[in-house]
Amino acid sequence: MTSAPAIPHVVGVLGGGRMGAGIAHAFLTKGATVIVVERDHEAAAGAQGRVADAVTKSAARGTLNETPEEAMTRFSTSTDYTSFIHCGLVVEAVPEDYDLKVTALKAVEDHLSADAYLASNTSSLSVTGLANHLRRPANFVGLHFFNPVPASTLIEVVLAKETSPELAEAAKSWTEALGKTAVVVNDAPGFASSRLGVAIALEAMRMVEEGVASAEDIDAAMVLGYKHPTGPLKTTDIVGLDVRLGIAEYLHSTLGDRFAPPQILRDKVARGELGRKTGKGFFDWND
């Protein structure tokens, strides 16, 4: 299988969790050679398993134009940032913590060629703010993939103040080559998707808190009445209540009280009810 011209020949992903593995899978199944760098060998082995499983599922769905074994020959994991040296693009997919992302992005940039591109998968943090810590901000862009990456048809391309026009066009081409649609936004807190999605989810949480309706009925109203594929509370469970809380706190600090996290969200996170990944959030996932 030959790669599409718009896809960089070698793509790196920093972080091989659910999102990072999904991003790696997206580029791998379109012909790129993909390298995932993780913090240690155990995490790298986990990333290997997640990507291999996703590739196998693609083959079962008939969306892979080669065997899983052939695809996986172009995939590798590492714990060494020097593995990014030949990458034309590296996508950072570490947890949504500003200082962690700054440290990670600077370390990646130190191992890239001068003409390589660097992207962050941040869902809400300032892309311009992250770019200000880099030596080559013109080569940096936000690529906000959505969970689950294989099923999602959207990538939010977030332009920092210094993102070059060439990179902006390239990012749109990559998105199209991945079989997805690009929504291009200028850098602002929460961009377009997180800002709107979190606003709806926080109001849904307040409605549960106030006893207006059950989580099931609130979600049903949005699914049946507004044709949302998944209601805001089930989406919160899928994303992770801790992740949603972090985004809400950031938006609260930048956009004001309308994004103040409801107490019900803080209480659930404190109890470890983080959604699907822990088996309980606004819904029970153990059934």
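# Exercises on a predicted protein model

In this predicted model, consider contacts between residues at least 6 apart in sequence: 67% of them join residues at least 24 apart.

**Exercise 1.** Determine how many helices and strands the protein has, and whether its radius of gyration is close to or far from the globule rule.

*Solution.* Step one is the count of elements: the protein has 11 helices and 8 strands. Step two is the comparison with the rule: the radius of gyration is 19 Å, and the globule rule gives 19 Å for 287 residues. The two values are close, so the protein is as compact as a globular protein of that length.

**Exercise 2.** State what percentage of the residues is buried, and describe the accessible surface.

*Solution.* Of the 287 residues, 49% are buried. The accessible surface comes to about 13,100 Å². Carbon and sulfur atoms account for 53% of that surface.

**Exercise 3.** Identify the residues with the most contacts inside the largest nonpolar core, and the element that gives this core its largest share.

*Solution.* The largest nonpolar core holds 39 residues, and Phe-27, Leu-143 and Phe-145 have the most contacts inside it. Its largest share, 7 residues, is supplied by helix α1 (residues 18–28). Apart from this core lies another one of 24 residues, including Val-10, Ile-35, Cys-87 and Ala-160. As background, nonpolar side chains in soluble globular proteins tend to be buried together.

The surroundings of Phe-27 can then be examined. Leaving out residues up to four places away in sequence, Phe-27 touches Ile-7, Pro-8, Val-11, Ala-32, Val-34, Leu-89, Val-91, Phe-145 and Leu-178.

**Exercise 4.** Locate Phe-191 and Lys-227, and decide for each whether it is buried or exposed.

*Solution.* Phe-191 lies in the loop between β8 (181–186) and α7 (193–209). Its phi is near 55 degrees, a positive value in a residue other than glycine. Buried means under 20% relative accessible area; Phe-191 is at 6% relative accessibility and therefore counts as buried.

Lys-227 is in the loop between α8 (215–226) and α9 (232–239). Lys-227 is not a glycine, yet has a positive phi of about 65 degrees. Exposed means over 50%; Lys-227 is at 68% relative accessibility and therefore counts as exposed.

Key: Residues are numbered from 1 along each chain as its sequence is written. This is a predicted model: local features need pLDDT of at least 70, side-chain atom pairs count only at pLDDT 80 or more; totals for chains, interfaces and linings use all residues. Side-chain values use heavy atoms; hydrogens and water are left out. Helices (H or I, at least four residues) and strands (E, at least two) are DSSP runs, numbered from the N terminus. The radius of gyration is taken over C-alpha atoms; the globule rule is 2.2 Å times the number of residues to the power 0.38. Buried means under 20% relative accessible area, exposed over 50%, partly exposed in between (1.4 Å probe, protein chains only). Contact means heavy atoms within 4.5 Å. Accessible areas come from the Shrake-Rupley method with a 1.4 Å probe; for residues, only the protein chains shown count as cover. A nonpolar core is a set of buried Ala, Val, Leu, Ile, Met, Phe, Trp, Tyr and Cys residues joined through side-chain atoms within 4.5 Å.
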